[in-house]
Amino acid sequence: MIAAIALAAAPGTFVRTNIDPDPQNVAITITPLSERDGVHGQLSVSGVWEIAATHPFFGGFSALVEVANPAGDTGLLAGSDRGWSLDIPILDGEPSAANAQFVNFTRRRDAFMPMVDLEAMAHDPLTGTLWSSYEGYNVIQRDEVDGSTKQRAPAEMRGWSANSGPEAMVRLQDGSFIVMAEAPDDTSGRNRPALLFASDPVEELNPVQFLISTPPKFSPVDATALPDGSVLILLRRVQIDVPAAFDAAIMHADPRDIEPGGLWTGEVIANLDGPLFGENFEGIAYVPNAASDGSGAIYLISDDNLSMFQRSLLVRLDWPATTDPSQ
């Protein structure tokens, strides 16, 4: 059964979706869907879209960040585990395929191997700087708008699993970073190692080490910052089935509660399951409303693993002006 699941989900296998192999002619479509069910808790779904394109490496999206420019235009940037990025403009509150771009920003680790297995991204809206974390290498990479790049493998991440390393990363408003591992560090299956960098993780040498506690069998897969300084952490749980199925949850936590060597946790404000959220959701991003009252939208993106059994979905959940959706 395990072998069958791996075969069904693995990219580049016999069940690989048949798509146009021409990387120079990428036609991106964003199709609205009527699906809404599967959210239990304090949030509600206000939009679902399926994203597709004529490109052999399209899909595999495992990271999501909000991006904006000085003109006030906003959008989403999704990163794939193959090192590709998808730029999705948000027009009148809706994702748009117009001017959407799918490009490769992979940097070579050495003369032979490109950096792949991108799992998380963070973005500085003032400078346009982008940070990416990579499993397998346990590396954080910084890309500047001028094309320069720099990588670092923090010593504190060297013991993290090669296949379940820096899965989630978020840049806070004060310029600090939180990086979380996917795999637990003990037999409880709940506590994951995490790091708090006071500044750029590519430069800082002494991050705060702590543990993040999650519900049983749920792993942190991405995170996003809210205007009040708190964060939302996307959690995922794998369901053993053929084909593989998933469910997810969203946890609300306050970085001010992080203590060196301590256990950090938060409140699960939504559980996501059913046919819609049976997809492998790995990216989360907060996009503020123009009203600037703290309200906005929470977007989730799924990783289709380049498999014919899964979809690349974008889901929008409403976020109210208060950080407590129950009020």
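Thr129 touches Ala122, His123, Asp124, Arg142, Asp143 and Glu144, when residues up to four places away in sequence are not counted and contact means heavy atoms within 4.5 Å. The model is a predicted one, in which local features need pLDDT of at least 70 and side-chain atom pairs count only at pLDDT 80 or more, while totals for chains, interfaces and linings use all residues. Residues are numbered from 1 along each chain as its sequence is written, and side-chain values use heavy atoms, with hydrogens and water left out.

Thr129 is found in the loop between strand E9 (118-123) and strand E10 (130-134); helices (H or I, at least four residues) and strands (E, at least two) are DSSP runs, numbered from the N terminus. Thr129 has a relative accessible area of 5% and is therefore buried, a word that stands for under 20% relative accessible area, with exposed meaning over 50% and partly exposed in between (1.4 Å probe, protein chains only). Its side chain makes polar contacts with the side chain of Thr127, at 2.9 Å, and with that of Glu144, at 2.8 Å. A polar contact is a pair of N or O atoms within 3.5 Å; within protein, one must be able to donate a hydrogen and the other to accept it, and residues adjacent in sequence count only if both atoms are side-chain atoms.

Strands can next be followed into a sheet. An open sheet of 5 strands has the order E13-E14-E15-E16-E20, with mixed pairing, where two strands pair if DSSP finds at least two bridges between them. Strand E13 (166-171) and strand E20 (263-264) each have a single partner strand and stand at the edges, so one side of each is left without a neighbour in the sheet. Within this order, strand E15 (residues 191-197) and strand E16 (residues 208-213) run antiparallel and are joined by 6 bridges, with Leu196 standing opposite Val208 in E16. In a regular strand the side chains alternate between the two faces of the sheet.

Strand E2 (residues 39-41) runs antiparallel to E21 and is joined to it by 3 bridges, and Val39 stands opposite Leu272 in E21. E19 also pairs with E21 in the antiparallel sense, over 5 bridges, and here Ala249 has Asn271 as its bridge partner.

Which residues of the largest nonpolar core touch the most other members? Of its 25 residues, they are Ile250, Phe277, Ile298, Leu300 and Val315; a nonpolar core is a set of buried Ala, Val, Leu, Ile, Met, Phe, Trp, Tyr and Cys residues joined through side-chain atoms within 4.5 Å. A second, separate core of 22 residues includes Ile30, Phe58, Val287 and Tyr299.

A search of the whole structure finds 8 aromatic pairs, and in one of them Phe277 and Phe281 are tilted, at 5.4 Å centre to centre and 45° between the planes. Rings of Phe, Tyr and Trp (its six-membered ring) pair if their centres lie within 6.5 Å, and planes under 30 degrees apart count as stacked, over 60 as edge-to-face and the rest as tilted. Both Phe277 and Phe281 are buried.
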